Amino acid sequence: MKIGENVYALDSTKGSYAYLIKDKETILIDTGRPGKVKNILNEIESLYINPKDIKHILLTHHDADRVGNAASLEKETRAILWAPKKDIPYILGDKSRPGVKKLGSLYLSLMRVKKPEKIRSYDNNKIDNIEIIPTPGHTPGHVSILYKDILFAGDLVRNSNGVLKIAPSIMNADEESIKESIRKISEYSFRWVCPDNGEPLELKEEWKQLLSDIEGK
Ligand SMILES: [Zn+2]
């Protein structure tokens with residue numbers, strides 16, 4: 001699905017979207033649930049993009065539906081894999097995922113998902129024309145990614161049939177931090193919100209509504 005000039009939501013990852021940007025460099029944002037590597041590579045080729053041209057894979061956070069194909073895609077594309085510093089120990093298995101997210105780790109091991117060989121942590125807030133914005137709360141290191149007027153929100157918010165919502169409490173490390181992150185990112189300018197969960201959304205009043213919802217108004 002095309003979102004903007006050279007920006008795509010990969011239909012092969014529908015349900016927990018990965019996104020592709022083709023600017024000066026080709027960049028993949030998140031990698032979807034495990035077991036989709038072939039479909040993802042086929043879809044990228046169908047866009048007349050050589051997967052080997054992907055220079056960076058940017059992970060928004062450590063959850064299983066974000067890192068599901070990261071190791072395989074890192075290998076297939078030889079892209080540099082990036083993740084938030086605080087989330088890397090969970091991705092590498094050095095820290096166990098908390099609460100219900102243990103199931104995510106179990107899922108990854110049942111699917112025999114390999115761990116990435118090398119992950120770099122976001123050391124500054126820019127990669128190419130893309131801004132990496134720390135938005136902790138859903139996970140300790142969660143980041144959102146801003147490209148032109150498109151916000152790749154990870155699990156900062158989800159689109160539930162046109163209504164922007166925070167993920168259920170049980171999925172979040174710290175709900176107050178999410179609200180603070182939403183307030184902070186409201187200072188940036190964007191027209192599209194591309195979440196992991198739910199469809200990309202061209203904003204009308206939805207963000208304003210979200211802000212008033214989190215304030216309990
Ligand atoms: Zn998540």
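An open sheet of 6 strands has mixed pairing and the order β8-β9-β10-β11-β14-β15, where strands, like helices, are DSSP runs numbered from the N terminus (E, at least two residues, for strands; H or I, at least four, for helices), and two strands pair if DSSP finds at least two bridges between them. The model is predicted, so local features need pLDDT of at least 70 and side-chain atom pairs count only at pLDDT 80 or more, while totals for chains, interfaces and linings use all residues. Residues are numbered from 1 along each chain as its sequence is written.

**The sheet that begins with β8**
- The edge strands here are β8 (126-127) and β15 (201-202), each of which pairs on one side only.
- Strands β8 and β9 run antiparallel and are joined by 2 bridges, with Lys 126 standing opposite Glu 131 in β9.

**The sheet that begins with β1**
- Another open sheet is formed by 7 strands in the order β1-β2-β3-β4-β5-β6-β7, and its pairing is mixed; β1 (2-4) and β7 (120-121) are its edge strands, each pairing on one side only.
- Strand β2 (residues 7-9) pairs with strand β3 (residues 19-22) in the antiparallel sense over 3 bridges; the bridge partner of Tyr 8 in β3 is Leu 20, and that of Val 7 is Ile 21.
- Strands β3 and β4 are joined by a hairpin through 3 residues and pair in the antiparallel sense over 4 bridges, with Leu 28 in β4 as the bridge partner of Leu 20.
- Helix α3 (residues 70-77) lies across β4 (26-29), β5 (54-58) and β6 (80-83), and runs at about 165 degrees to β5; such angles run from 0 to 180 degrees between the N-to-C directions of axes, which are lines fitted to C-alpha atoms, for helices over the stretch in contact.

**Nonpolar core**
- The largest nonpolar core has 50 residues, and those with the most contacts inside it are Tyr 19, Leu 28, Ile 29, Ile 57, Phe 152 and Cys 194; a core of this kind is a set of buried Ala, Val, Leu, Ile, Met, Phe, Trp, Tyr and Cys residues joined through C-beta atoms within 7 Å.
- Strand β11 (residues 150-154) contributes the largest share of this core, 4 residues.
- Not counting residues up to four places away in sequence, Ile 57 touches Leu 28, Thr 31, Ala 70, Leu 73, Glu 74, Ala 79, Leu 81 and Trp 82, contact being defined by C-beta atoms, placed from the backbone, that lie within 7 Å.

**Helix α6**
- The buried residues of helix α6 (residues 175-185) are Ile 178, Ser 181, Ile 182 and Ile 185; seen down the axis of α6, they fall within an arc of 100 degrees, so they line one face of the helix, the arc being that of the directions from the helix axis to the C-beta atoms.
- A residue is buried if 20 or more other C-beta atoms lie within 10 Å of its own, exposed if 12 or fewer, and partly exposed in between, with C-beta atoms placed from the backbone.
- The face of α6 turned away from its buried side carries the exposed residues Glu 176 and Arg 183, whereas the cover over its buried residues includes β9 (130-134), β10 (143-147) and α7 (206-214).

**Leu 41**
- Leu 41 lies in helix α1 (residues 37-46) and counts as partly exposed because it has 19 C-beta neighbours inside 10 Å.
- Not counting residues up to four places away in sequence, Leu 41 touches Pro 51 and Glu 76.
- Leu 41 and Ser 109 are 68 residues apart in sequence and 22 Å apart in space, C-alpha to C-alpha.

Key:
Contact = placed C-beta atoms within 7 Å.
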